[in-house]
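Please look at the sequence and the structure below.

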Amino acid sequence: MEAFFHRKRRRVSQDEEPKPIQQLSDPPNEDSTDIKLAILLSLFPAVKQDELLDILVSCDGSVESASEMLSAQGSAATISTKKRAAAGPLGMQTSLSSHILTKAEDGTLKPINHLGARKKAPPTKKGKTLHLYSPEDIAAYTPCTIIHNFLPAEEANKLLLELLDESKYLTRSTFQLFSRTVQSPHTHAVYVSTAEEQRQQMSDYTYGGTYSSNVRQATPQLRSVSREVQTVVNEEVQNRIRDVYPDGKKLQYQSSKQWKPNAAFVNCYDGPAESVGYHSDGLTYLGPHPIIGSLSLGVSREFRIRRIVAEDEEEDGKEEESEDIKTADSKPLQNQAASARADAQGQISIHLPHNSLLVMHAEMQEEWKHSIAPAQTIVPHPIAGNRRINITYRWYRDTLHPRYTPRCKCGQHAILRCARRKQESRGSYMWMCYAGYTPGKEGCSFFQWAEFDDDGDPVWDKKIRLEDYMRQLRVQLNNIE
Ligand SMILES: O=C(O)CCC(=O)C(=O)O
Ligand SMILES: [Fe+2]
């Protein structure tokens with residue numbers, strides 16, 4: 001059991017050749033056995049893990065043969081995709097939380113998920129990956145909830161086909177890191193509803209110090225799914241507030257308004273080597289404690305997460321790599337201290353199958369980092385082949401439109417960050433020069449504490465705003481001269 005949940009992390013560097021897709025009949029090794037077992041578990045959720053392992057071994061590690069044998073025995077799960085509530089989770093049939101017993105008020109022992117006891121420290125281990133499959137475990141040990149078989153099957157396929165067609169328009173972003181130009185290890189584009197929003201995204205909003213050139217108008221299916229995502233995400237947020245947050249209250253600075261996605265980032269991972277490095281999503285336009293609804297289609301991939309460790313919790317106390325930079329290989333950014341810190345905590349892997357909706361709750365972006373790890377093995381999807389499409393639905397707050405937010409002394413949009421590393425300032429928000437926070441870039445020293453009301457909308461100090469405006473004017477005049 002232990003061996004199934006934990007397996008050694010593999011560091012993937014840019015120098016490494018992308019691995020070819022492993023054939024299902026390849027001889028098993030430690031890693032691929034876990035993956036093969038996970039595939040079988042997702043196909044046959046009603047069969048015990050030990051039995052699946054026995055069958056896999058008896059079939060010389062061939063998932064295909066094991067799957068044929070199990071189908072012949074009539075073990076396949078019948079999963080209705082008509083109704084989300086009726087659908088069984090396409091993942092492991094058991095959960096960690098259903099095995100961990102805790103004393104209930106009446107003195108009897110009950111699995112922790114029956115008690116609604118959440119936010120237990122996950123049993124992660126130094127240098128290891130804890131694999132989570134069941135919605136109960138994911139809700140109990142991470143700041144996320146997952147809904148398997150989110151859309152009716154035909155609707156999910158329709159959206160997938162639409163986005164596979166769109167994928168020709170997706171592009172790689174480029175970052176300058178010291179003297180190197182680094183390309184994002186997957187392709188993507190931003191989708192918005194109206195032509196005006198598209199214009200604004202391209203001429204007002206900046207990402208990583210540059211304006212986005214790849215903004216497109218949402219496709220019909222992307223829009224209609226957005227409404228379904230909105231409904232379910234709002235339900236999940238309310239459930240989490242009720243069941244998990246202290247006193248059943250929303251977090252400070254979390255919006256009390258309905259979450260209304262108005263932008264969708266579409267990512268395409270074409271093949272097992274495509275990935276995204278550890279990062280947290282920028283707060284600049286989403287505000288504090290943002291919620292993100294993330295829909296996965298096509299090939300199933302691992303979403304890895306790890307907690308951001310505060311200086312006083314860590315062993316070495318050195319600086320962490322920059323956030324917001326989504327390279328596959330964060331080698332130039334990832335100093336030894338950061339690697340040691342990640343290893344000290346271990347990481348959690350959430351398996352994201354086709355048609356699963358992952359809700360990243362309010363604490364996720366400020367307390368955790370996430371990534372899509374390069375895969376050793378993928379199972380081709382009948383429609384998408386080797387591709388995985390991911391859509392992250394986001395709510396850009398009107399109150400954080402770049403026309404309101406401060407500019408740094410370089411004339412750039414300042415970025416919003418939440419302090420995590422030092423105990424004295426942990427949880428405080430600040431506006432900072434983007435370049436000053438990017439390795440290899442010389443920035444200005446611009447810094448300003450960010451103030452928010454309880455709902456996470458900014459409270460602008462009029463005097464500061466005037467100073468900002470004057471600074472912007474001076475920068476613009478200097479540029480003209
Ligand atoms: O592909 C995913 O599941 C995650 C994508 C992501 O992290 C992002 O778009 O910021
Ligand atoms: Fe992200």
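In this predicted model, an oxygen atom of ligand 1 is 3.1 Å from an N or O atom in the side chain of D281. Such a pair is a polar contact (N or O atoms within 3.5 Å). The table lists this contact with two others.

| Side chain | Distance from its N or O atom to an oxygen atom of ligand 1 |
|---|---|
| H279 | 3.1 Å |
| D281 | 3.1 Å |
| R388 | 2.8 Å |

Taken alone, ligand 1 exposes 300 Å², and the protein buries 99% of that. These areas come from the Shrake-Rupley method with a 1.4 Å probe. Twelve residues surround the ligand, the closest being N267, Y269, D281, H370 and R388; a residue counts here if one of its heavy atoms lies within 4 Å. Strand β19 (387-394) gives the most to this shell, with four residues. Strands are DSSP runs of E with at least two residues, and helices are runs of H or I with at least four.

Elsewhere, three strands form an open antiparallel sheet in the order β20-β21-β22. Its edge strands, β20 (415-418) and β22 (447-449), each pair on one side only. Pairing requires at least two DSSP bridges; β21 and β22 have three. One bridge joins W431 to Q448 in β22.

T219 lies in the loop between β11 and α9. T219 counts as buried because its relative accessibility is 8%, and the cut-off for buried is under 20%.

Residues are numbered from 1 along each chain. The model is predicted, and local features need pLDDT of at least 70, while side-chain atom pairs count only at pLDDT 80 or more.

Note on methods:
Chains are lettered from A and ligands numbered from 1 in the order in which they are written. Side-chain values use heavy atoms; hydrogens and water are left out. Buried means under 20% relative accessible area, exposed over 50%, partly exposed in between (1.4 Å probe, protein chains only). A polar contact is a pair of N or O atoms within 3.5 Å; within protein, one must be able to donate a hydrogen and the other to accept it, and residues adjacent in sequence count only if both atoms are side-chain atoms.
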